[in-house]
Amino acid sequence: MWGGISIWCCGRLLLAICCVVIEVWGKGTVTTSSKTGHAGAGRTQFQRPLSPHLQIYRPQISSVLSIMHRISGVFLSLGALVLALWLWAVAYDRELYDCLMECFASVLGRLALLGWSMAYYYHLCNGIRHLFWDAGKGFSIPVMTRSGWAVVMASLLMTIATWWYVYNSMMNHG
């Protein structure tokens, strides 16, 4: 019981500290020169946002792919839970297995499987791209753009090839 209360208290304390930090940093002003626009040069003070706002920021392929990499990772984690449930049902519960197979055979189930396979191939290809970045390769803007589109195209092609194979296997065997 005391462990839960102390965790709750630490969480509340951390939240309070974050709120204070955000409040203090949010009230900061930047001094700029009206002529040069350089910080600290001078005469006028005004509030600037800490980061570009979505209304004025134009998404680039690298930022979109970065967000999609995180989303696909979450989607793959959820898919891993479903896979673990399916494996457990295969081993221990015939009724649950039949129910899951019925769900997977539905339109919504097939769309989920399609999404999971797309997320898998995207995460794989983008992970390989990140390995090149870890080695210090491909940081110029043109190379980043080309490799980003290559990731998208490769993941689409691999997903299409997988589902074409699955569909043909189903048609030939049953």
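I sort residues by relative accessible area: buried means under 20%, exposed over 50%, and partly exposed in between, with a 1.4 Å probe and protein chains only. I began with Cys-103, which is partly exposed because its relative accessible area is 41%.

**Ground rules.** I am working on a predicted model, where local features need pLDDT of at least 70, side-chain atom pairs count only at pLDDT 80 or more, and totals for chains, interfaces and linings use all residues. Residues are numbered from 1 along each chain as its sequence is written, and side-chain values use heavy atoms, with hydrogens and water left out.

**Cysteines.** I searched the whole structure for disulfides (pairs of cysteine sulfur atoms within 2.5 Å) and found zero. Cys-103 is in no disulfide, and the nearest cysteine sulfur, that of Cys-99, is 4.5 Å away. I also looked up Cys-125, which is buried, with a relative accessible area of 11%.

**Aromatic pairs.** I counted rings of Phe, Tyr and Trp (its six-membered ring) as a pair if their centres lie within 6.5 Å; planes under 30 degrees apart are stacked, over 60 edge-to-face, and the rest tilted. The structure holds five such pairs.

I took Phe-75 and Trp-116 from these: the ring centres are 5.9 Å apart and the planes stand at 35°, so the pair is tilted. Phe-75 lies in helix H2 (residues 61-92) and Trp-116 in helix H4, so this pair ties together parts that are 41 residues apart in sequence. For helices I used DSSP runs (H or I, at least four residues), numbered from the N terminus. Is Trp-116 buried or exposed? Trp-116 counts as buried, because its relative accessibility is 18%. Phe-75 is partly exposed, at 30%.

I then looked up Trp-86 and Tyr-97, a tilted pair with 6.3 Å from centre to centre and 45° between the planes. Trp-86 is in helix H2 and Tyr-97 in helix H3 (residues 94-105), eleven residues apart, and the pair links distant parts of the chain. Trp-86 counts as partly exposed at 26% relative accessibility, and Tyr-97 counts as partly exposed at 22%.

**Surface patch.** Which residues make the nonpolar surface patch of about 510 Å²? I noted Tyr-120, Leu-124, Ile-128, Leu-131 and Phe-132. Patch residues have over 30% relative accessible area and no salt bridge; nonpolar side chains (Val, Leu, Ile, Met, Phe, Trp, Tyr) are joined within 5 Å, like charges within 9 Å. A salt bridge is a side-chain nitrogen of Lys or Arg within 4 Å of a carboxyl oxygen of Asp or Glu. Phe-132 lies in helix H4 (residues 107-134) and is exposed, with a relative accessible area of 51%.

Note on methods. Areas by Shrake-Rupley, 256 points an atom, 1.4 Å probe, with all protein chains shown as cover. Helix = DSSP H or I, 4+ residues; strand = E, 2+ residues; numbered from the N terminus.
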